[in-house]
Each structure stands twice: as C-alpha cells, then as structure tokens.
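Me: Can you walk me through this structure, one topic at a time? I am new to reading these, so please spell things out.

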Amino acid sequence: MKLNRRAFIGAGSAAMSAPYVLAQGAGRPKVVVVGGGAGGATAARYLAQDSEGAIEVTLIEPSRTYFSCFFSNLYLGGFKSLEEIGHTYGTLPASFDMNVVHDWVVDVDHAVKTVTLGSGARLHYDKLILSPGIDFVDGSVDGWDLGAQNRMPHAYKAGSQTELLKAQIAAMPQGGVYAMVSPPNPYRCPPGPYERVSMVAHVLKKTNPTAKIIIADPKPTFSKMALFEEGWATHYPGMIDWVGPDFGGDIVSVDPDTMTLSVDGDVLSVDVCNVIPAMKAGHIAEVAGVTQGNWAPVHAGDMSSKLVPDIHVLGDASQQGDMPKSAFSANSQAKVCAAALLSTLTGAPLLTPGYSNTCWSLITQNNSVKVGATYKATEDKIARVDGFISQVGESDAVRERTYLEAESWYLGITSDMFG
Amino acid sequence: MTVGPKRRIKLPETVAAGDVFTIKAKITHHMENGFRLDQNGGRVPRDIIHRFHCSFEGETVIDVALEPGVASHPFFAFEARVPRGGEFTFTWYDDDGMVHTETRSIDVI
C-alpha cells in the first residue's frame, strides 16, 4: 500500500529530529504549496526547478484557470480581454517535476503535519507553504455581505466578479453614477481601487460622458494620490468625486435592495456600487493557526510563520513588515522562501535574502505611473531600503515607457508563475 | 456645473434653536508654495488660496489668512450657533485673482 508506506515514512522523518538531508535516502522531503497565485505558483515552480527532483512538490489550487487580479483593471478599461489575464496550470507539471492538484485545502493539522483536501484526501508535508491571498472581513461595510456580491460586486478576486462589474458599467444609464467603497489599510494592491476608477472613467468618457464616479474612502490619503489626482483632473475633469474621512468617507452603509449608498447620513441612489470590503488573510491561514488578528505574522528572512513551525506564509496573507500586498511582492517573497527551503531541505547554499516591489497603474491609454522599493530582512520585519515614485507633470513619453514596462513585467511574472 | 476648483461643504439643513453645530468646508487646490524649482531650475510661481472667509447673513463667522506652508486641499472644520434661520456664505480667495463663493441655507426649528 503506497499511501501507507509514505505516511509511515513521513511520520518517521518527523519524529527523528535529524536534518532532512539525511532523510532523503528514505524518501524525498515533501513540500505542499497551498494557493496557485503569484506567491504559491512561483514558490512551487522554483522549488521543483531548482531542487532538480530532490524535493517532492505538490501545488494545491482550486481553480483550473487563474485570472490575475493584477491587470484585471485593464480588462475593465477595455485594454485586455479576459482570455489575456487567464492562465492554466498545465505547463508546470509538464515542465517541472511537480504535482498540481485542483482542490481546496479544508484543514491543516500541524501536529502530524498533514493537510486535508475537500475530496477527503490527506497529504503529508515536511514543509507547508500557504499562499491563500485574501478573504473579506465580515460586516466591514454596513449592509453588505457576500450574498450581496452580485448586486454590489467587489471584483477584488478576479474572474466572474470582474466580468459582472464590467457588464454593470456597460449597462449604466446615461448620466448614471458609479460608486466605489474603498477599503481601509492594509489591503491587496494599494493603488488598485484608484487605477480601477481611472479605467472606469476611461470607458465612461467614451460611452457615457455625463456619468459620475464617487469614491467613499475611509483613508485620508492613498497610494500615488497626487499622481491620480493630476491624472483625473487632466483626463476626466469633473467626473470623479473622492470623499475622504473629512466628509464621512469612513461612515458608510449600503442597501443592495434599493441600490443606495449612504455617506455620513447622505443617501445617494447609484447605478453601480463596487464595494471593496476590509480584507484579511485567506481563510485557510486562520484554519492552520498561523494568523494573529487578520494576518499571518512571518519571519523576515524566510517567510516562515512566527506562530507554527514548518509553515511558511507568502503574499497578501502574510504580515511581514513594509512591503505592500501585491503580486510583485508575493513573487519576490516566494523566491526568497524557495531558496531558504532548498537550503534547509537539500543543503543548497543560502544567499542573503533581498526583496523588491513595483506597482504600476494605468491612468489612461499608454499613460502609467509607478511606485516601488527594495527591501531587506531585519530582526523583526522586512524593512524598506530605498524607493522611487513617478512624478507629477511627467511627459507622455515617460508615461508611455512606464506603461510598456508594466506590460513586460506582466509577461515576466506570468511566465515565472506558470512556466 | 461648478466653475473653478471643487468645493465641498457640510452643515446641517436644520438645527434646534440654541444648538451648536459643526461646519466643514474644503476646496480642492494644489497650494503651490512658490519655493519649488521646475525642471529648468526656474521658480514655480506661488499659487495658493490666501484667505478663507465664512459669514452668516453678513456677519463674519470665521476669517482665516492662509500661508504658503498650508498643505493642498485646505480643510476647515469649525462650530457655530445661529439665532435664526438664514444663509451662510463661504468665500475662498485665490492668488490667481479668482474668488470662489458658495452659499448654504439653514433652518432653525
């Protein structure tokens, strides 16, 4: 019975406190990766590729097609098709020595080091990587819950929600109102809501020029604020109305039945209501016991959980310090984590970890802005070293170069993730 | 449509006699301080809102001189009490010579 033998060896190697390299004779060390996004897919790929078969890698991801949340705003703006942001997992097992299992992980037992799948199957791990992305905080927007996501879509996990939001924008009456409830910090993709507003404005300017956009925001400032404000004033004058906490942007409730949004007691009838609730680590992180509050604290050197041994947490779900929650960050963290595990499990040399991030945002056609930084691991967190940001008043040529840079990054990261 | 930079004002439409209430007023303005240099090394000329004035039925409620150190989008929140219903007038004075005015009515019940 193959399964029993593996389970036996797994239990044995966990009981011996000898290094994993010694256990190799008895069977390859097992790494299970939960979540096939920018963190998980990258980690699985590099572990499989760089261990050259010395590590047994299993990637578990429920979706057969991954629609990237990054660049999904460009789909809303009409610059990308849904197919262009959709990716499948066929190349990974074909090109690298790894398993891809399409299922949900419903339980993690860190005492015996197993994960349980939705199908009931159980997998042993020596090291577990959780990269589950985000879920929403229940009750964070008064009047909204997941049952309302068809009337008031969040579109903050890409796919059917993004399609729905696009259809609702197209169906707005002339002169209608698009409302966005923006989330509190910290959340996935800090400039994301504002790039989305730019893309919606780009569409409405052509199809529905008398339409209005209102943003209710609990934050007094937001990522690349001066750049977005300049872009909106230049390209979409008079269309976008941002209401910060000065004027009650943090005192919001919605009613999906009447399609109304209340901002500090003022009730508005709206045609589209894009509610982006407060966020927390994907649910499985909570189940695994690696969260504290809404997020999973990790060590800066290897993304290992501060709460549970032999579990690493990547990307949006992790609480690591100064890096924003972005696909670029998750991809960067995944490479550091994979290198650390290769060193632990196979004795490969370990380099000093370094991290980087860049977030590009499209404001109008061929006009992007960016913000980015490099980071290093310190005792208590991933700390920012040095950064850069686009300037107001840049020429069209500079903005177009920035846009082309974003396009090449997309090609790069998706081939990194999916082979 | 409003001409000039966007203004946002919030105060109650009705108020009980004798009640103190909050007025909030904000104007969207870049508040260029006049000390920055442009790409050619020349000085970016100062362009700020230099005065904000609020009156009720001709009587001054608040009159503020703003300096170049004030951040963009100046925001004021202050309290008032009115003896009867009437009209508030809000006026912002721009360095470029423009004067931006808004009015809001209030009833006392």
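**Contacts, domains and a sheet**

Me: Which residue does Asp241(A) form a salt bridge with, and how far apart are the closest N and O atoms?
Reply: Keep in mind that this is a predicted model. In the model, Asp241(A) forms a salt bridge with Lys6(B), and the closest N and O atoms of the two are 3.9 Å apart. The cut-off used for a salt bridge is 4 Å, so the pair at 3.9 Å falls within the rule.

Me: How many salt bridges does the rule find across the interface of chain A and chain B?
Reply: The rule finds 5 salt bridges across that interface, and it also finds 6 residue pairs in polar contact there, counting pairs with both residues at pLDDT 80 or more. On the chain A side, the largest share of the residues that touch chain B comes from strand S13 (residues 240-243), which supplies 3 residues.

Me: And by class, what is that side of chain A made of?
Reply: The side of chain A that touches chain B has 5 charged residues, 4 nonpolar residues and 1 polar residue.

Me: What area is buried between the two chains?
Reply: About 940 Å² is buried between chain A and chain B, and carbon and sulfur atoms give 48% of that area. Of the area that chain A buries against chain B, 59% is supplied by Asp241(A), Asp246(A) and Phe247(A), which is more than any other three residues supply. In terms of contacts, 10 residues of chain A meet 10 residues of chain B.

Me: Switching to chain A by itself, how is it divided?
Reply: Chain A is divided into domain 1, which covers 2-135 + 280-349, and domain 2, which covers 143-277. The C-alpha centres of these two domains of chain A lie 33 Å apart, and the contact takes 19 residues from domain 1 and 20 residues from domain 2.

Me: What area do those two domains bury between them?
Reply: Domain 1 and domain 2 of chain A bury about 1800 Å² between them, with 65% of it on carbon and sulfur atoms.

Me: How many salt bridges does the rule find across the interface of those domains?
Reply: The rule finds 2 salt bridges across the interface of domain 1 and domain 2 of chain A. Elsewhere in the list of chain A pairs, the side chains of Lys157(A) and Asp135(A) meet in a salt bridge, at 2.6 Å from N to O.

Me: Which helix and strand supply the domain 1 side?
Reply: Helix H4 (72-76) and strand S10 (134-136) of chain A each supply at least two residues of the side of domain 1 that touches domain 2. The largest share of that side, 5 residues, comes from H4(A), and by class the side divides into 10 nonpolar, 6 polar and 3 charged residues.

Me: Now chain B: what is the order of strands in its open sheet of 5 strands?
Reply: The order in chain B is S2-S8-S7-S4-S5, with mixed pairing. Strand S2 (14-15) and strand S5 (59-65) of chain B stand at the edges, each with a single partner strand, so one side of each is left without a neighbour in the sheet.

Me: How many bridges join S4(B) to S5(B)?
Reply: There are 6 bridges between strand S4 (residues 49-56) of chain B and S5(B), and the two strands run antiparallel. Phe52(B) has Val64(B) as its bridge partner in S5(B), while His53(B) stands opposite Asp63(B). The hairpin of S4(B) and S5(B) has 2 residues between the strands, and in this hairpin Glu57(B) takes a positive phi near 50°.

Notes
Residues are numbered from 1 along each chain as its sequence is written. Chains are lettered from A and ligands numbered from 1 in the order in which they are written. This is a predicted model: local features need pLDDT of at least 70, side-chain atom pairs count only at pLDDT 80 or more; totals for chains, interfaces and linings use all residues. Side-chain values use heavy atoms; hydrogens and water are left out. Contact means heavy atoms within 4.5 Å. Buried area is the accessible area (1.4 Å probe) that two parts lose on being put together, summed over both. A polar contact is a pair of N or O atoms within 3.5 Å; within protein, one must be able to donate a hydrogen and the other to accept it, and residues adjacent in sequence count only if both atoms are side-chain atoms. Helices (H or I, at least four residues) and strands (E, at least two) are DSSP runs, numbered from the N terminus. Ala, Val, Leu, Ile, Met, Phe, Trp, Tyr, Cys and Pro count as nonpolar, Asp, Glu, Lys and Arg as charged, and the others, Gly among them, as polar. Domain bounds come from an automatic or database domain assignment. Two strands pair if DSSP finds at least two bridges between them.
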